[in-house]
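I opened a new notebook page for this one.

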Amino acid sequence: MIVAGIGCRKGATAQEIDAAIEAALAETGQTRAALTSLATSDGKGSEPGLVDAAAACGLELILIKPAALEAAGPRTQSFSPRVKEMFGVPSVAEAAALAAAGPESALFGPRTIVGPVTCAIAGTAPKT
């Protein structure tokens with residue numbers, strides 16, 4: 001399972017979100033074909049850019065409740081004072097990716113920032 005966690009400013013477009021996903025995938029050495037879903041804070045679930053980006057990628061958009069974001073917060077790698085004040089976690093993108101990918105997941109790298117969008121890639125190792 002590989003999840004792209006998304007944090008974005010209100011009004012971010014699907015194209016801006018897609019650009020952040022592409023940049024994060026490139027930085028972490030992952031491919032778009034490996035993505036299983038997108039994840040974000042449940043407060044962003046009605047953002048048209050996020051909904052459209054998930055649909056364009058053919059991926060489920062997983063909405064993460066605040067308690068699950070907070071539970072994943074200690075496993076994040078980045079810290080934004082603004083995001084911490086607004087959402088209670090160091091990075092929405094990282095916490096959302098980790099929460100959606102599960103308790104055994106890990107980030108493949110810190111969040112990537114492209115314009116008004118942050119993207120973090122998290123996943124679990126395949127069982128052998």
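I began with the charges: the chain has 10 positive and 12 negative ones, and their mean positions lie 5 Å apart. I counted Lys and Arg as positive, Asp and Glu as negative, and left out His and the chain ends. Each charge sits at NZ of Lys, CZ of Arg, CG of Asp or CD of Glu.

I noted that this is a predicted model, where local features need pLDDT of at least 70, side-chain atom pairs count only at pLDDT 80 or more, and totals for chains, interfaces and linings use all residues. Residues are numbered from 1 along each chain as its sequence is written, and side-chain values use heavy atoms, without hydrogens and water.

Next I looked up the fold elements. I found five helices and six strands (DSSP runs: H or I of at least four residues, E of at least two, numbered from the N terminus). Their order along the sequence is β-α-β-α-β-α-α-α-β-β-β.

Then I checked the extent. The C-alpha trace spans about 40 × 30 × 20 Å along its principal axes.

I turned to burial (buried is under 20% relative accessible area, exposed over 50%, partly exposed in between; 1.4 Å probe, protein chains only). Buried residues make up 49% of the 128.

Last, the cysteines. How many disulfides does the rule give? I got zero, taking a disulfide as two cysteine sulfur atoms within 2.5 Å. For Cys57, the nearest cysteine sulfur is that of Cys119, 9.8 Å away. Cys57 counts as partly exposed because its relative accessibility is 22%. Cys119 is buried, at 0%.
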